[in-house]
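The sequence and the model follow.

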Amino acid sequence: MSTDALTRPTYGNWRRPRRPGLGPLGLLGTVVAFGGLLVALLASLVSLAAAIIVLVPTGLFLAPLALRTVDGRNVYQVLAVRIGWMRRKANGSHTYVSGPLSRRPGGRFQPPGLLARTKMYEGRDAYSRTFGVLHHPGRGLYTVVLACEPDGGSLVDPQQVDIWVASWGDWLARLSHEPGLRGAQVVVETAPDTGTRLASEVIPRITPDAPAAARAVMEEVVARYPSASSEMHTYIALTYGPTGGPKRDVDDIITDLSMRLPGLLSGLVAAGGGSAYPLAADRLAEIVRVAYDPAIAPDVLSARAEHATTGLEWDDAGPAAAVETVTSYRHDSGVSRTWMLTLAPRGTVRSSVLRGLLEPAPGTRRKRVSLIYRPIDPATSARIVESDRRTAHFMAGSRRGLVQARASSEMQAAEQTAAEEAAGAGLVEFSLMVTVTVDDEEQLQDAGIAVRNLQASSRILMRPADRMQASAFTCTLPVGLLPWEHTLVPYQIREAL
């Protein structure tokens with residue numbers, strides 16, 4: 001191995017947040033366990049039968065909390081997902097129909113599910129560029145979406161790649177100092193190239209008096225090149241919430257966001273984001289519209305190439321019909337399935353660990369990889385790392401044998417995280433979701449095999465979001481939906497930056 005390979009930096013040290021409580025019981029189970037024991041002791045003063053009557057229900061309640069699946073869910077959480085699915089199926093909310101033939105007022109194609117109540121506004125930044133602001137009224141959240149064109153790591157010096165990674169970590173760490181920022185989402189979307197952009201660039205430039213051979217060559221390039229190429233888009237969604245104080249109206253919030261955009265965009269450029277710019281409202285509507293109906297992607301590109309804008313509004317960005325099943329989500333011209341992260345790459349990894357997962361997958365109509373970040377403010381970060389440090393020291397001192405070796409490794413990781421946080425690093429929780437869209441359900445099996453191969457190369461573990469495919473599909477769209485704002489038991493992994 002070369003000296004350069006040995007000196008290349010590695011990354012890791014992320015760890016799953018520890019739940020308060022004893023072992024797998026959690027906080028609620030621990031409180032119930034101690035409360036049951038206390039009541040049983042008091043009941044034993046009356047009679048042994050009374051103590052047994054108290055202990056039996058307590059044990060029956062705690063047993064499902066102690067039993068956990070491979071991905072860390074207890075029996076109650078598994079039952080909650082199944083019961084929620086059965087309720088949605090019973091009341092018909094797993095199906096969605098919009099447009100003039102539906103019962104919905106207005107006859108428009110509004111986005112379904114978690115996006116049903118959202119509203120779109122538009123503002124201008126310091127450079128007079130329009131940007132869309134998505135308002136989630138139920139949570140009082142506002143989302144602004146940025147687009148960038150990363151340079152990629154091909155034919156780039158390793159030192160430059162390391163600088164980009166360090167700058168990206170610094171950009172994420174600075175998000176914890178953004179007032180009111182609730183979360184960030186990075187979406188990398190890949191799809192086969194439709195050839196529309198190439199044709200719009202080449203065909204108009206062919207002169208009528210060009211030689212027949214030259215014309216034939218250019219026409220053949222336009223016809224055959226898209227079959228072996230793909231398009232890749234990167235979006236960053238930033239979601240802001242109330243910061244306290246007097247309630248502000250929409251115009252004040254849009255003005256505040258317009259002043260923050262230049263600094264955020266400059267940080268993305270320094271992190272290798274290439275040309276970064278905010279997305280206008282119609283562009284964001286087009287992205288959601290194509291995600292629900294992949295077959296219209298060439299038409300959208302053609303309309304944008306001819307008129308520079310499609311004029312699509314947010315209330316018409318949803319599907320005409322959608323049906324959710326246990327393992328898939330059918331919407332207009334596509335069928336999608338979503339996977340969720342259960343285990344981050346173990347050990348140390350290189351900066352290219354997710355490259356295979358981000359690259360286009362053969363045989364799929366569209367693929368989206370969504371990285372969701374939850375920045376933690378500095379005060380909370382210091383309290384968390386110190387708590388993890390004390391817990392790791394206690395576990396390392398109370399265990400023996402092979403278990404002690406893993407506890408010692410946990411203690412070293414906790415010490416390193418505490419040292420990095422004390423030196424000014426930020427703390428962030430993250431998760432990952434992958435959505436694959438194909439033409440019909442028969443192709444989902446091949447898509448699942450492709451995703452398993454990709455996650456193996458990236459050293460991660462994922463599980464399908466069964467019985468919640470519609471919500472998971474929406475969470476991978478670049479619309480700033482934060483899963484922990486819509487669930488009682490979020491799952492994330494913590495990392496120091």
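Among contacts in the protein chain between residues at least 6 apart in sequence, what percentage join residues at least 24 apart? In this predicted model, the share is 78%.

**Overall architecture**

The protein chain contains 15 helices and 14 strands. It has 497 residues, of which 43% count as buried.

**The annotated transmembrane spans**

An unreviewed UniProt entry lists residues 21-42 and 48-67 under "transmembrane region". In the model, the span 48-67 is 95% helix and 0% strand, and 28 Å separates its end C-alpha atoms.

**Helix packing**

Two packed helices are described by the angle between their axes and the distance between the axes. Two pairs are set out below in these terms.

| Helix pair | Angle between axes | Distance between axes |
|---|---|---|
| α2 (residues 26-44) and α3 (residues 48-66) | roughly 170° | within 8 Å |
| α5 (residues 158-175) and α8 (residues 250-273) | about 155° | 7 Å |

For the pair α2 and α3, the axes cross at roughly 170°. An angle over 145 degrees counts as roughly antiparallel, and α2 is therefore roughly antiparallel to α3. On the α2 side, the contact is made by Leu28, Gly29, Val32, Ala33, Gly36, Leu37, Val39, Ala40, Ala43 and Ser44. On the α3 side, Ala50, Ala51, Val54, Leu55, Thr58, Phe61, Leu62 and Leu65 take part. By class, the contact of α2 with α3 comprises 14 nonpolar, four polar and no charged residues.

For the pair α5 and α8, the packing angle is about 155°. Helix α5 contributes Trp164, Ser167, Trp168, Trp171, Arg174 and Leu175 to the contact, while helix α8 contributes Leu264, Gly267, Leu268, Ala270, Ala271 and Gly272. The residues of the contact of α5 with α8 fall into eight nonpolar, three polar and one charged.

**Two buried positions**

Where does leucine 115 lie? Leucine 115 belongs to the loop between β1 (95-97) and β2 (119-124). Its relative accessibility is 0%, so leucine 115 counts as buried. Apart from neighbours within four places in sequence, leucine 115 is in contact with His136, Trp314, Thr474, Leu477, Val479 and Leu481. The C-alpha atom of leucine 115 is also 9.1 Å from that of glycine 318, although these two residues are 203 residues apart along the chain.

Alanine 414 is part of helix α13 (residues 401-422). Is alanine 414 buried or exposed? Because its relative accessibility is 2%, alanine 414 counts as buried. Once neighbours within four places in sequence are set aside, the contacts of alanine 414 are Arg15, Asp388, Arg389 and Ala392. Between the C-alpha atoms of alanine 414 and arginine 390, which are 24 residues apart along the chain, the separation is 8.7 Å.

**Cysteines**

How many disulfides does the model contain? With a disulfide taken as a pair of cysteine sulfur atoms within 2.5 Å, the count comes to zero. Cysteine 148 has a relative accessibility of 8% and therefore counts as buried. Cysteine 475, at 7% relative accessibility, likewise counts as buried.

Note on methods
Residues are numbered from 1 along each chain as its sequence is written. This is a predicted model: local features need pLDDT of at least 70, side-chain atom pairs count only at pLDDT 80 or more; totals for chains, interfaces and linings use all residues. Side-chain values use heavy atoms; hydrogens and water are left out. UniProt positions are given in the numbering used here, feature names are shortened, and annotations may be inferred rather than shown by experiment. Helices (H or I, at least four residues) and strands (E, at least two) are DSSP runs, numbered from the N terminus. Axes are lines fitted to C-alpha atoms, for helices over the stretch in contact, and angles run from 0 to 180 degrees between N-to-C directions. Contact means heavy atoms within 4.5 Å. Ala, Val, Leu, Ile, Met, Phe, Trp, Tyr, Cys and Pro count as nonpolar, Asp, Glu, Lys and Arg as charged, and the others, Gly among them, as polar. Buried means under 20% relative accessible area, exposed over 50%, partly exposed in between (1.4 Å probe, protein chains only). Angles under 35 degrees count as roughly parallel, over 145 as roughly antiparallel, 65 to 115 as roughly perpendicular and the rest as oblique.
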